Amino acid sequence: MAFEGLGERLQATMDRIKSKGKVSEADVKVMMREVRLALLEADVNFKVVKQFIGQVRERALGSDVMQSLTPGQQVIKIVKEELTELMGGENQKINLAQKPPTVIMMVGLQGAGKTTTAGKLALHLRKNHNKKPLLVAGDIYRPAAIDQLETVGKQIDIPVFNLGDQVKPQEIATKALEHAKEEHHDTVIIDTAGRLHIDEDLMNELKDIKEIASPDEIMLVVDSMTGQDAVNVAESFNNLLDITGVTLTKLDGDTRGGAALSIRSVTEKPIKFVGVSEKMDGLESFHPDRMAQRILG
Ligand code: GDP
């Protein structure tokens, strides 16, 4: 299960400090060392770890904590609060346009879960926001990507705009928006091409589509299993496209948690959703406080 190692280590550290009647400065220092190691082992970005530890230490060593009746518990509370803050504090909802249609552009590396998440989001928006989405097949390079989106669309009964793989994605985006207007779709979800690595051609194409479609949401999809790589990918996409949100997929796997804990801090963009299964209903809104609770037990 995700975060298993990190959770176990942090919980053991917390239990030790909780059981102490009096907590000394040295106890806090030992504890912070253990938390630091646990985070690094979970593949959390080292700069993020440093900042996090600094903040917790400063608050924990404050006189109001050290002189309280339950310093151990106060310190644990601080760790939980700071962990929540690190992941963005409050749940951030998907951006919806004041005036329809809402345009959502899905971006990410190949295999991250873009096509799957496009379908999941369409379902989420129909179910929870009463929207009438149109899925747009814009990944013309990966063999079978278009068929995959068609299959997803059929599964959840949401139409797919598909011009095949011989039309440029820029033109697909333009025509899809016209089509959405004619057919009264209030939400347009554009699946774009992923590559194995970030390259200039891909980024230029994505910039073009952004320009054409003026998306309300540029949703980066990253695979939580890839740890530090996910964070680097997020940073690159954000620098080039100024993304508006992140979906972290495959949280049902045994990810160590590094990506979930670092992305917000590194990119300053919120994780809005997490993917928790391959199925179409396997998408959950991301709540930093619940995630912190889950990690700390
Ligand atoms: P794309 O290349 O980015 O469009 O990636 P796909 O949508 O094709 O997904 C790649 C693989 O990851 C597929 O086998 C998906 O079923 C799987 N996948 C996507 N999201 C999740 C998730 O949240 N959990 C699990 N377990 N698998 C996922």
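## Burial and overall form

A residue is called buried when its relative accessible area is under 20%, exposed when over 50%, and partly exposed in between (1.4 Å probe, protein chains only). By that rule, 52% of the 297 residues of the protein chain are buried. This is a predicted model: local features need pLDDT of at least 70, side-chain atom pairs count only at pLDDT 80 or more, and totals for chains, interfaces and linings use all residues. Residues are numbered from 1 along each chain as its sequence is written, and side-chain values use heavy atoms, with hydrogens and water left out.

The C-alpha trace of the protein chain spans about 70 × 35 × 30 Å along its principal axes.

## Secondary structure and sheet

The protein chain has twelve helices and eight strands. Both are DSSP runs numbered from the N terminus: helices are H or I with at least four residues, strands are E with at least two.

The eight strands form an open sheet with mixed pairing, in the order 3-2-4-1-5-6-7-8. Strand 3 and strand 8 (283-285) are the edges, each pairing on one side only. Two strands pair if DSSP finds at least two bridges between them. Strand 2 and strand 3 run parallel, joined by two bridges. Val136 stands opposite Phe161 in strand 3.

## Helix 7

Helix 7 covers residues 145-156, twelve in number. From first C-alpha to last it reaches 17 Å, close to the expected 16 Å. The expected span is 1.5 Å times one less than the number of residues.

Which residues of helix 7 are buried? They are Ala145, Ile146, Leu149, Val152, Gly153 and Ile156. They cover an arc of only 120° around the axis, so they lie on the same side of helix 7. The arc is that of the directions from the helix axis to the C-beta atoms. Asp147, Lys154 and Gln155 are exposed on the other side.

The buried residues of helix 7 pack against helix 6 (114-129), strand 2 (133-137), strand 3 (160-161) and strand 4 (187-191). Contact here means heavy atoms within 4.5 Å. Asp157 follows helix 7, and its phi is positive, near 60°.

## Contacts along the chain

Take contacts in the protein chain between residues at least 6 apart in sequence: 77% of them join residues at least 24 apart.
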